[in-house]
Amino acid sequence: MKYEIKKEQVHDTTVDVVKKMLESSDKLNLKDYDATYKNFRWEDYYDEIKWFERGKTLNMAVNAVDKHIGTPVENKIAVIWESKDGNVEKYTYKQLYELSNRFANVLAKLGINKGDRVFLFLPRIPEVHITFIGILKTGAIAGTLFSAFGYDALKDRLGHCDARVVITTPDLLERVEHIAEDLPALEYMIVVDREGKFEDKEVKGKKELNYSSLMSDVPAEYNPMMMNVDDPAYILYTSGSTGKPKGVVHVHGGALIQHLTGKWVLNFNSDDMYWCTADHGWVTGVVYVILSPLSNGMTTLFYEGRFDSEKWYSLIEKYKVNIFYTAPTAIRMLMKYGDELPKKYDLSSLKHIYSVGEPLNPEPIRWGYEVFGRYFHDTWWQTETGAQMIVNFPCMDIKIGSMGKPFPGIIAGIVDDDGNELPPYQEGNLALKRGWPSMVKEFWNNPKKYESVFKNGWYITGDMAYKDNDGYYWFMGRSDDLIMTAGERVGPFEVESALIDHDAVNEAAVIGKPDPERGQIIKAFVVLNKGYENTPELLDDIKRFVKQHLAGHAYPREIEIVDSLPKTRSGKIMRRVLRAKELGLPIGDLSTMVK
Ligand code: WT7
């Protein structure tokens with residue numbers, strides 16, 4: 001593909017527009033965005049995925065894996081796993097099929113039924129794919145948990161939806177045991193010990209069972225459960241700006257848009273090698289590491305280790321990665337290591353590169369072009385949307401800095417607080433017309449909260465944006481206090497709750513503070529209890545405490561000790577006042593504040 005850069009006036013700024021000159025060798029799955037968008041009806045694309053009964057019943061796992069059995073794809077490699085020590089394991093679609101069947105049989109034998117919640121608390125190891133797919137086959141609801149979660153984060157999530165089973169490793173097991181007494185519904189911990197040493201035992205009334213023994217004891221055939229399009233498939237807990245995290249429930253019918261976004265946005269072609277760096281603890285991992293690439297018969301690289309610039313470049317070179325999907329923070333971290341390092345590697349295999357999770361500024365896009373010879377294509381979506389919604393398609397010109405245009409079948413709009421649509425260039429709530437195949441079906445046990453996110457037939461995303469005259473969307477920020485740090489979503493309330501549990505902390509308020517690398521960092525304002533002094537040791541101890549109780553990624557990197565917090569007369573902490581002060585911005589209306 002060749003590019004030409006043109007300048008264009010958008011609103012009050014001049015932006016670069018990347019015009020693409022397609023060549024015959026560019027195999028694009030979607031060639032004409034406008035025509036496809038205009039005529040699009042979901043039912044015209046039903047045959048893209050596997051149903052039991054067309055348009056009515058299906059199973060996301062059958063669509064992802066079983067449908068390939070008996071086709072040439074069955075012996076293709078579905079997942080190439082590289083451990084952090086450099087060990088490599090490869091799993092064909094056939095192996096994934098048999099192993100997930102076995103795991104479904106394991107769950108059936110333990111008495112797990114349709115609708116029960118079964119959670120993965122695992123690092124990035126091949127058992128992620130196997131167990132996730134296996135759970136879906138039984139009709140149970142699969143949940144995932146980020147491996148950096150601490151006691152309280154685990155307890156809140158597993159407890160809230162009464163999980164019956166947690167699949168984990170010997171390393172992570174202690175964290176589940178620590179809170180086991182507070183989880184009355186939890187019956188089993190299935191322990192994946194890659195060294196094979198784990199012995200079954202009972203701790204605090206919960207059975208801890210060795211995964212390998214369970215798997216060797218059951219057949220490799222299984223009859224997957226037939227599910228309705230709106231039957232739950234998986235649940236992901238995600239933070240809001242108020243209260244504890246919500247359980248976002250997604251349905252089997254989402255398979256259709258998972259498949260189509262992979263095909264049209266990520267441009268999955270069967271001979272391409274694909275790598276998405278997201279963790280399965282978050283929605284990007286569930287949908288674009290596991291479900292969408294499998295549905296499209298892709299080979300996916302699954303790397304256990306964390307971010308490491310040299311390692312990442314070497315993986316792209318070693319596996320000849322063609323399609324790469326990552327996050328702005330990761331791109332900025334790669335940038336930090338400079339332009340010389342990537343020159344040591346052959347990165348010419350890359351054909352399509354994408355980003356998600358936070359605003360993708362022009363600078364990393366330009367840098368990406370220098371280093372990879374490609375432009376990062378930004379994609380916008382959320383846990384609640386279940387699939388990419390507003391994207392830059394390979395066939396479309398990109399206006400650098402824009403999130404792109406709505407996926408076919410998705411009607412987007414900018415609306416005021418009553419749900420009335422606003423004209424181009426006017427900033428407002430980014431909203432989506434209610435009712436696409438992967439829209440959040442419910443928030444677990446919280447119908448009131450669920451209805452509150454809809455206005456006048458629109459799903460209100462919580463993001464602020466505007467659209468331009470050509471229908472491109474431009475991200476402006478959040479309408480609430482939600483924090484996105486290094487692409488990970490953190491609710492201030494959860495962090496404040498963890499802080500208050502520390503003996504020294506009397507009150508706490510948490511904001512996102514802009515950070516050149518991580519987008520935002522978490523900053524806490526803390527009022528100390530009597531008898532405690534503001535020392536570096538105390539601040540370190542508070543940080544350590546939050547890491548252990550909440551999560552390794554969700555602790556405040558900055559803590560400022562203050563005498564009091566700004567509050568409304570009804571006692572609500574005014575985070576916006578702290579944010580404005582921190583950023584040196586106008587503080588706004590203070591009429592409700594206690595002086
Ligand atoms: C929030 C959703 C599902 C993707 C991973 C994050 C922010 C996401 C972009 C983007 C600017 C973005 C929004 C959104 N966000 N993509 N391309 N540009 N902001 O999913 O954890 O549910 O967070 O991430 O604020 O509401 P999530």
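1. Two strands pair if DSSP finds at least two bridges between them. By that rule, strand 13 (232-238) and strand 14 (residues 246-251) pair in the antiparallel sense, over six bridges. Helices (H or I, at least four residues) and strands (E, at least two) are DSSP runs, numbered from the N terminus. This is a predicted model, in which local features need pLDDT of at least 70 and side-chain atom pairs count only at pLDDT 80 or more, while totals for chains, interfaces and linings use all residues. Residues are numbered from 1 along each chain as its sequence is written, and side-chain values use heavy atoms, with hydrogens and water left out.

2. Overall form. The protein chain has 17 helices and 33 strands. Its C-alpha trace spans about 70 × 65 × 50 Å along the principal axes. For 595 residues, a compact globule would have a radius of gyration near 25 Å, and the 24 Å of the protein chain agrees with this. The radius is taken over C-alpha atoms, and the globule rule is 2.2 Å times the number of residues to the power 0.38.

3. Burial. Of the 595 residues, 60% count as buried; buried means under 20% relative accessible area, exposed over 50%, and partly exposed in between (1.4 Å probe, protein chains only). Glu340, in helix 12 (residues 340-343), counts as exposed because its relative accessibility is 55%.

4. Strand 14. Val248 is the bridge partner of Leu236. Strand 14 also pairs with strand 25 (residues 442-443), in the antiparallel sense over two bridges, and there Val249 stands opposite Glu442.

5. Helix 8. Nine of the 10 residues of helix 8 (residues 255-264) are buried, among them Leu256, Ile257, Leu260 and Trp264. The cover over these buried residues includes helix 1 (33-39), strand 3 (57-58), helix 2 (60-64), strand 13 and helix 9.

6. Nonpolar cores. A nonpolar core is a set of buried Ala, Val, Leu, Ile, Met, Phe, Trp, Tyr and Cys residues joined through side-chain atoms within 4.5 Å. The largest one has 139 residues, and those touching the most other members are Phe103, Ile167, Tyr234, Leu291, Phe372, Met389 and Phe393. Helix 9 (residues 283-295) gives the most to this core, with eight residues. Another core, of 49 residues, lies apart from it and includes Val166, Leu183, Phe198 and Trp282. Leaving aside neighbours within four places in sequence, Phe393 is in contact with residues including Lys20, Tyr33, Trp264 and Pro408; contact means heavy atoms within 4.5 Å.

7. The sheet of strands 31 to 33. These three strands form an open sheet in the order 31-32-33, with mixed pairing. Strand 31 (505-515) and strand 33 (558-561) stand at the edges with a single partner strand each, so one side of each has no neighbour in the sheet. Strand 32 (residues 519-528) and strand 33 pair in the parallel sense over four bridges, and Ile561 in strand 33 is the bridge partner of Val526. Helix 17 (residues 575-583) packs on the sheet and touches strand 31, strand 32 and strand 33.

How values were computed: Axes fitted to C-alpha atoms, helices over the stretch in contact; angles between N-to-C directions.
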